[in-house]
Amino acid sequence: MNIFAKLQNIDRRILYLLVALVIIIPLVRRPAKHPHTIFKEVQNAYNTVQAVPNDKLVILSSYFDAGTVAENGPQIEVMMRHLFRKGTKFAVITWDPVGAELVSKIGKKISKQMGKKYGRDWVDLGYNPGPVYVIISGMAKDFQSVIKQDKYGTKLADIPATKNIKSAKQIGAVVETTASGTVPTWIAYFNMPNNIPLVYCPTAVMAAEAYPYLDSGQLKGMLNGVIGAAQYETLLGMGDKPTYSSAASWALSTAHIFIIVLLIIGNIGYFAANRAGRGGRRNG
């Protein structure tokens with residue numbers, strides 16, 4: 001078997017092993033280098049959050065579970081870091097029972113790292129079974145009649161961060177972190193009727209569907225998957241920190257480059273083998 005035939009018949013077990021190594025090595029080594037290129041939608045998301053006045057509350061809505069926490073987790077984490085850093089209070093509301101626990105753990109971890117206090121700087125509203133459109137349209141009119149207490153049973157009226165939140169007038173922005181098609185619900189029932197900016201944080205595979213909403217201005221910014229989270233970390237000045245977002249971005253990029261290289265090698269082998277075959281037939 002000549003070299004061209006071998007290029008077309010590489011054992012798939014070897015290919016799977018090489019792909020696994022290309023993905024695992026960046027995740028284990030955690031390179032600190034972040035993307036220097038910032039997508040326009042990520043920059044707009046940063047600008048939107050940065051512009052929220054500190055006397056208003058930001059709602060961090062999450063609709064994901066363990067299946068997409070590798071993408072959605074870094075997105076909500078970097079949003080919490082930004083809001084804690086600029087001193088804007090936020091409330092977390094979740095629409096998935098598993099995701100509620102995941103987001104609660106992320107909030108506790110980031111608040112501890114940044115020296116923030118629960119109740120004063122942020123509030124966990126816990127899991128809400130929905131329907132989403134009923135809850136959020138009610139929140140816009142009378143927040144505390146729809147969400148009466150936090151995850152731990154404390155009345156919102158008794159919590160410093162939420163005691164003055166009466167309606168959508170006290171909300172500065174909504175950040176929707178999701179693996180589901182919930183963003184049209186926020187647009188229709190909360191953000192557009194009340195002129196409140198909405199930032200979208202979907203999984204990467206969902207991002208393409210959001211561009212019409214970005215073009216129309218119904219979405220003010222977007223973090224597309226974990227790479228969007230890594231770019232947002234760059235904007236926060238974390239470009240030299242070895243974070244999971246940067247490692248995952250490296251893993252995804254190197255895996256895609258490796259697959260492209262394999263495609264090129266396979267095609268070179270295919271065309272070279274065909275050419276050699278035609279030459280052999282002419283000589284015969």
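Visitor: Which residues does Glu77 touch, leaving out those up to four places away in sequence?
Guide: Glu77 touches Ile106, Lys109 and Ile110. Contact here means heavy atoms within 4.5 Å.

Visitor: What sort of model is this, and how are residues numbered?
Guide: This is a predicted model, where local features need pLDDT of at least 70, side-chain atom pairs count only at pLDDT 80 or more, and totals for chains, interfaces and linings use all residues. Residues are numbered from 1 along each chain as its sequence is written, and side-chain values use heavy atoms, with hydrogens and water left out.

Visitor: Back to Glu77. Buried or exposed?
Guide: Glu77 counts as buried, at 18% relative accessibility. Buried means under 20% relative accessible area, exposed over 50%, and partly exposed in between (1.4 Å probe, protein chains only).

Visitor: Which helix does Glu77 lie in?
Guide: Glu77 lies in helix 4. Helices (H or I, at least four residues) and strands (E, at least two) are DSSP runs, numbered from the N terminus.

Visitor: How much of helix 4 is buried?
Guide: Helix 4 is mostly covered, with 14 of its 18 residues buried.

Visitor: What comes just after helix 4?
Guide: Gly87, which takes a positive phi of about 80°.

Visitor: How do helix 4 and helix 5 cross?
Guide: The axes of helix 4 (residues 69-86) and helix 5 (residues 97-113) come within 10 Å and cross at roughly 40°. Axes are lines fitted to C-alpha atoms, for helices over the stretch in contact, and angles run from 0 to 180 degrees between N-to-C directions.

Visitor: Which residues meet there?
Guide: From helix 4, Val69, Gly73, Ile76, Glu77, Met80, Arg81 and Phe84. They meet Leu102, Val103, Ile106, Gly107, Lys109, Ile110, Ser111 and Gln113 in helix 5.

Visitor: New topic. How many helices and strands does the protein chain have?
Guide: The protein chain has 11 helices and six strands.

Visitor: Why is the protein chain called more spread out than a compact globule?
Guide: Because its radius of gyration is 24 Å, well over the 19 Å that the globule rule gives for 284 residues. The radius is taken over C-alpha atoms, and the rule is 2.2 Å times the number of residues to the power 0.38.

Visitor: What box do the C-alpha atoms fill?
Guide: Roughly 90 × 35 × 30 Å, taken along the principal axes.

Visitor: And what share of the protein chain is buried?
Guide: Buried residues make up 44% of the 284 residues.
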